[in-house]
Number of protein chains: 2
Amino acid sequence: MGLRLHLGRALYLIVLGPAGSGKTTLTAAFGGWLSEAQEARVAYVNLDPGADVLPYKPDVDAREYVTVEELMREKGLGPNGALVESMQVLYERRGELLERISQLEADVVLVDTPGQMELFLFHDAGPAFSRELAKRGAAVALVLFDSSLARSPSHFATLRLMSLVVQLRLDVPTVAALNKGDLEAARRAAAWAKDPGLLLSDLEGEQGVISELAAKLVEVMNAYSVAARIPLVSAKERWGFQELYDLLHEVWCACGDLT
Amino acid sequence: MGLRLHLGRALYLIVLGPAGSGKTTLTAAFGGWLSEAQEARVAYVNLDPGADVLPYKPDVDAREYVTVEELMREKGLGPNGALVESMQVLYERRGELLERISQLEADVVLVDTPGQMELFLFHDAGPAFSRELAKRGAAVALVLFDSSLARSPSHFATLRLMSLVVQLRLDVPTVAALNKGDLEAARRAAAWAKDPGLLLSDLEGEQGVISELAAKLVEVMNAYSVAARIPLVSAKERWGFQELYDLLHEVWCACGDLT
């Protein structure tokens, strides 16, 4: 049941999400599940130079090259400047990092990204890493959102738009998931995620031109099957992983129906 | 020519943008221009607890309540945790902050936001502040992007999608602008910004299903006139402000054609 047998090359799963979405917790928990339930050989890469304590042991770690705290301390930068500068360092040393990543003996390489998603996404570093990983194996982006961001239909629609932004910036297939699936907000969100028609009608029930526009955009995205299915997971309580795995599998082998 | 005469109440201009887009520089430069060229009474609010040195003198400053550095030092948090916690403090003290902001004697209140845009956008703090400001005056979001983010048609399209995400999250009219208009990438971007038809045909020239989808989405956004015009500015060299002002004026008085 090794993934490598099926795939013939490593899968690089780039885990992104806004601050607090739980991407680091998910990286550890999903990695554990992949090795236990799927008997996959799993490796971990940390590309967050601002990470504090990690719940997994990274095989390649950005913090060997630079940390946000040392830039603040040694270069006298404020937190904003240090975050951007840390990405610049990773960008410049990407050759070395990518070389080490591509030598990992693994079926799935989980790539954890900076706490602040935009740091990776809107710096040249993110697209450069994803492009290079896609040359070395299969690369898929997983965007994780906190379910509490999906309290209203239009807010839920923004998560689908954000997934598309990730896909366009990183130029790799992108899957979204809702974390903290035990939250109250998650139940509603799960219904929207499962039934695009319900989301559309709820969007139309919201006031204003902007909800109407969001509904139109969701309709177009549905037609193209982009990030249409959004599984609910709990990184902390470790559930929802089979559904997430099935979706990822469809995406990376391009063998399934993504609607 | 005082704006207050025209508007009858203050305009709260919420300035957002990814790290390094130049929003703080723009806040200072555009504020100066508004007071000189438009004879507006301008006030400044800093909502970035991670700000280092500011090029303007804030009338209300989040750093009186909390700073990222002190959370790191005193609570032993890493940079990621401290950033999120600092937003939580602002969220909890928003009553006090909003009270002080609404008492500013100004025609335009420029509200500078955290270095990391998503911190404001994907925390309850951002929507709470924008909603409350919209009750106290006219509120408009200005999303600033570095022109170098718009090197390809699909990357340019992501900026329009991001503007829409901002509008849906903050629930206020949103205008986008491209900063660092002197960069090489800006010339092409300016052409796409001015001519949605050109953007569409260039998107269609890009490979893949995802560009096709981006083209469809841009078409829908054009039909709804959302963030269709994207002025080019240079916060550093202080140009493009008249065009930006005209666009903002159309949006907040809802008296113009936004196409």
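Visitor: How many cavities of 30 Å³ or more does the count come to?

Guide: Keep in mind that this is a predicted model. The count comes to one cavity of 30 Å³ or more, and the largest cavity holds about 50 Å³ of space.

Visitor: Which residues line the largest cavity?

Guide: From chain A you have A:M117, A:E118, A:L121, A:F122 and A:M162, and from chain B there are B:M117, B:E118, B:F122 and B:M162. Two elements give two or more residues to this lining: α6 (117-121) of chain A and α6 (117-121) of chain B. The most comes from α6(A), with three residues.

Visitor: Let's turn to salt bridges. How many are there over all chains?

Guide: The general idea first: side chains of opposite charge can pair when their charged atoms come close. Here, a search of the whole structure finds 29 salt bridges over all chains. Some even join up, as A:R41, A:E105 and A:D107 do in a network.

Visitor: Which parts of the chain does the pair B:E250 and B:R229 link?

Guide: Their closest N and O atoms are 3.2 Å apart. The pair links distant parts of the chain, with B:E250 in helix α12 (residues 241-253) of chain B and B:R229 in the loop between α11 (209-223) and α12, 21 residues apart.

Visitor: Why does B:E250 count as buried?

Guide: Because its relative accessible area is 16%, and buried means under 20%. B:R229 is at 24%, so this residue counts as partly exposed.

Visitor: Are A:E74 and A:R73 buried or exposed?

Guide: Both are exposed, and their side chains meet in a salt bridge at 3.9 Å, N to O.

Technical notes:
Residues are numbered from 1 along each chain as its sequence is written. Chains are lettered from A and ligands numbered from 1 in the order in which they are written. This is a predicted model: local features need pLDDT of at least 70, side-chain atom pairs count only at pLDDT 80 or more; totals for chains, interfaces and linings use all residues. Side-chain values use heavy atoms; hydrogens and water are left out. On a 1 Å grid over the protein atoms alone, a cavity is a set of points where a 1.4 Å probe fits but cannot get out, and a pocket is an open set with protein on both sides within 12 Å along at least five of seven lines; lining residues have an atom within 4 Å of a point. Grid points are joined across faces, edges and corners, and a volume is the space filled by probe spheres set on the points. Helices (H or I, at least four residues) and strands (E, at least two) are DSSP runs, numbered from the N terminus. A salt bridge is a side-chain nitrogen of Lys or Arg within 4 Å of a carboxyl oxygen of Asp or Glu. Buried means under 20% relative accessible area, exposed over 50%, partly exposed in between (1.4 Å probe, protein chains only).
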